[in-house]
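Please open the structure in your viewer and keep a selection tool at hand, as this tour moves from one stop to the next.

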Amino acid sequence: MNHSPSAHPFLGLSGPWLQTILMVLAFGIFSWTLYRRLGLLRRGKRAKRLDRPLHRMAWTWVYGILQIRQFKYPVAGVLHMIIFFGFLLLLLRSCLLMLEAYFGGVSEVGAVYAWMKDAAALAVFLACLFALFRRVFLRPSRYSDRLLPEHHSGEALVILIWILAILGSDAMFEAAGQALLPAEEGASPVAAGLSGYLEGMGQATLLQVRLSSFWLHNVLVLGLLCYLPLGKHFHVLLALPNVFLANQEPKGKLREAAEAGQAFEDLEQVGVGKLFDLNWKDLLDFLTCTHCGRCTDQCPAYATGAPLSPRAFTLQGRKLAYKSQPIWKQTNGNPDFWESGFSRDGLWSCTTCGACEEACPVMIEYVDKFVDMRRFQMEIGEVPEELQKPLQSLERRGNPFGKARLRAHPFLNSEKVPLVSDAVAGESVGDLYFADSAALYEPRANQAAVAFLELAHLAEHPLGSAWSKEVDSGHDARRFGEEGLFQELRDRNQSWLTSLQPNSVVVTDPHGLNALKYDYSQDLPVLHAVELVELWLQEGRLQVSNHQESIQVSFHDPCYLGRRGGIFEPVRRLISSLPKVELVEMERNRSWSFCCGGGSLNLFREELGQQRMAQYRLAMALETGADLLLTACPYCLLNLEDAAKSSNLQSWLGVQDICEFVLSRVSPENTHEKEGVKA
Amino acid sequence: MKVMVCLKQVPDAGEGEAFLQQVGEEVQVACDDWVLNEWDGFAVEAAVHLIEEHGGESMAVSIGDEAVEGVLRRALAMGVDQAWRLQPDSNSADDSMRLAHSLMGAALTWKPDLIICGAMASDSGNGLVPGILAGKLQWPFVALATGLKWDGKSFLVRHEIHQGMESLEKIGAPLVVSAQSGLNQPRYVSIRGIRRVAKREIPMKNMADLSLSPLQNHVELVDLKRRFPPSGAHAEILQGSPQEQISQVIQRMREQGVFTS
Ligand code: SF4
Ligand code: SF4
């Protein structure tokens, strides 16, 4: 090929030489930056993330390549997909153009590819233009962050323009080629079109246009490569590995405080206080973040004005990491994490709801990091004042309310729920109801629990209880970082659970559900009340009346029932099986639910936003026009009902536990039959 | 610097779970939950903080049987370097003179530069001990401290005086200070922290160990009688709707001359 850059010197250097120099330079810079950046990971603690490789590959296919999470934000999602797949095609083209400097003509691989490439280029071009337009003029709110002083859209703009320039220079290169040798086969349509504008230029000028566009293109591509590890577009390289290495434990499970084989009590240091107390995968998270802001957009703490933005946390962490290992300077020490600008108030504002993690397209993790940081704070005694009392109550009285056991609501002692205090040899105690603190010590939560037990009684499902031995499940003590207290509570509960050996444990509190499933070590089936009630309705053991008023209800998914416990559909099936009850979903339902403010210790924590989360959530429920807001967690019930009361909205929207609601719709015959049986 | 803090164990009155019972002429406390006196928590925090900042050694002391080891361990978990349990001098339950006598023995033996006590005990309402202790030692005493610093030569103590005013004193060592609430926010003690000090040996010191002779010319404190206060006749429960009740409250306040204009 006569007009190939391989055959024409540029800036006094022959094509192969120039290309070689550029490549050596670019790959030199790239490898060094990459080495420094990834070298950060070696400074983190250990973490096992290579188990179950096949599963991980499938996972990466779904979340990394198909990127199914992108579509929860449709506009950005589609744009990203176009740019992503278009880019893959264009990458091939860029490689060919690198080779073109050595072997003239290799970049011309036929009409089909030329068409495809053009289509891809055009799509990417338009997507980039639209993305630019969106960033500059539409400015979706999630791109700004009140907790980040610097605005990150600048970098996005640079990259978008950069990509446009790469596309443009490539097109120019081809167009000039077309103008020089119009008869060529397999030319790309865009180039053919563009070449029309170049007509009339002299051959020498055309050749110069062609050569300079070519080298501009190659410099831009290699420059982009060098630029990637420096900013948010590192994710182009790291997103897939980060997705592959993502946490594969069940969602409600926390990272252990001590590695296997180590006793928590013997640890030299607990939790994360300094940057490199984090593990290497935590650091990789920092490096991978795309700044997309989906996490913060979903975060209830951020939404209500609390000083917490998960994205800001990650970016502050990244900045600190880069500062402590600059690319061109010597490595610095291990800085205190607070130096990043992340605040204590931010740390304690997280309810561990998990919405951020559910939203992140590259599977960045938050809750484990926050809990590890809280563990450290607990250890040095830096605990918000308002949490100290409930923590001490947990320690002394086994519940956060500080009530003595003899103040427990005695409902569980009734004949409906026999107290199983001791196991009889050879006899099973059957299914056991684990009440947890709220149902035992908080009157409103207690009513909801009673409603469930009433349903169990009507459905003739015998349930025992060992409430007199129970202490709090320790779920939130653990999530607030008080691991020692959690372990003590867990051990106390586990000792009677082991000796009683129930068939299964039934809970009304989703936090208890999560604790028993993932924090405790015994292997027992654990069921939430809604699963049983749904079953009883299905089997006809509970009969609901047809002669009731029609009603519209909405359902608030408790974080630890839904997002963490995966129990979404039983609730929907349950509600839809009730005659004359219509479920109207809030926009944020199921895994997109919005935390009510959190349970247990969260009840005592001061929310630092302008508005309480529950109030925010209530407003969402009001929008549905439902008459009644249902939920299935004692703390959601308390928070939401409190919000309704304090904003005087009770007459607009009632709040009920789902068991209370079902009980109110059970047919009188069902109740009478049972009464008859008893009499 | 050496800082000694004096601790008392009191029934946990949180949520009204310490039950008082009238038994004959006695009011007895039925409680199995004993905790560190609230003001003593401020004292421990102040001591630990001073040592963290300026170096030195801190020690917690408490008078009583083995049961008081609980509060001493809490102090150890908060970061106090060592703890002594002082054997009570006969039946001196709440006799401030006797308590101060024992504490004086500990102070003369260990020779601290600073002694911090809680301003008062939450169970007995007694706040005499720090003053008596300072008097017996003939050391200066600053009561109700709300701020405590060391500038390298002297202590800077902010403390409450009358009518909500505060005064700032600059005093050299040795010194006795009583800690008022607001002095600091005691750090949280994790269960792990408590467990880690669970096996620490806490030495017991008796009168001989502290080279103390019995109190001379001591007038014994005699507990004559304890009783619940008789219920007053001046309580009235307002009737009616919330609005009516509010008007009644305003009416009463007006009658009492609360509103001047
Ligand atoms: S877990 Fe919930 S509250 Fe915590 S940062 Fe994530 S979204 Fe925010
Ligand atoms: S953590 Fe994930 S969701 Fe949040 S900004 Fe980064 S990439 Fe986006």
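Because the model is predicted, local features need pLDDT of at least 70 and side-chain atom pairs count only at pLDDT 80 or more, whereas totals for chains, interfaces and linings use all residues; side-chain values use heavy atoms, with hydrogens and water left out.

**Stop 1: the contact of chain A with chain B**

Select the residues of each chain that have heavy atoms within 4.5 Å of the other, which is what contact means here, and you will have 28 residues from chain A and 20 residues from chain B. On the chain A side, highlight Glu265(A), Arg396(A) and Arg397(A), which lose the most area to chain B and together make up 27% of what that side buries.

Six salt bridges are counted between the two chains, a salt bridge being a side-chain nitrogen of Lys or Arg within 4 Å of a carboxyl oxygen of Asp or Glu. Show the side chains of Arg396(A) and Asp12(B) to see a salt bridge, with N to O at 3.5 Å. Now turn to helix 15 (367–379), helix 16 (385–397) and helix 20 (483–500) of chain A, each of which supplies at least two residues of the side that touches chain B; helices (H or I, at least four residues) and strands (E, at least two) are DSSP runs, numbered from the N terminus. Helix 16 of chain A gives the largest share of that side, eight residues. Coloured by class, the side of chain A that touches chain B has 10 nonpolar, five polar and 13 charged residues, where Ala, Val, Leu, Ile, Met, Phe, Trp, Tyr, Cys and Pro count as nonpolar, Asp, Glu, Lys and Arg as charged, and the others, Gly among them, as polar.

**Stop 2: domains 3 and 4 of chain A**

Next, colour chain A by its domains, whose bounds come from an automatic or database domain assignment: domain 1 (52–244), domain 2 (268–379), domain 3 (401–535) and domain 4 (544–670). Keep domain 3 and domain 4 of chain A in view, with their C-alpha centres 22 Å apart. Between them they bury about 2,600 Å², 73% of it on carbon and sulfur atoms. Within domain 3 of chain A, pick out Arg444(A), Val530(A) and Glu534(A), which supply 22% of the area this domain buries against domain 4 of chain A, more than any other three residues.

Which residue forms a salt bridge with Arg444(A)? Select Glu641(A), whose closest N and O atoms to Arg444(A) are 2.8 Å apart; the count between domain 3 and domain 4 of chain A is three salt bridges.

**Stop 3: a link within chain A**

Asp372(A) lies in helix 15 and Arg255(A) in the loop between helix 8 (235–244) and helix 9 (280–288) of chain A, so the pair ties together parts that are 117 residues apart in sequence.

**Stop 4: two backbone details**

In chain B, zoom to the peptide bond from Ala173(B) to Pro174(B), which is cis, with omega near -5°. Pro174(B) lies in the loop between strand 11 (166–171) and strand 12 (175–179) of chain B. Then select Arg52(A), in the loop between helix 1 (15–42) and helix 2 (53–65) of chain A, where phi is near 45°, a positive value in a residue other than glycine.

Key:
Residues are numbered from 1 along each chain as its sequence is written. Chains are lettered from A and ligands numbered from 1 in the order in which they are written. Buried area is the accessible area (1.4 Å probe) that two parts lose on being put together, summed over both.
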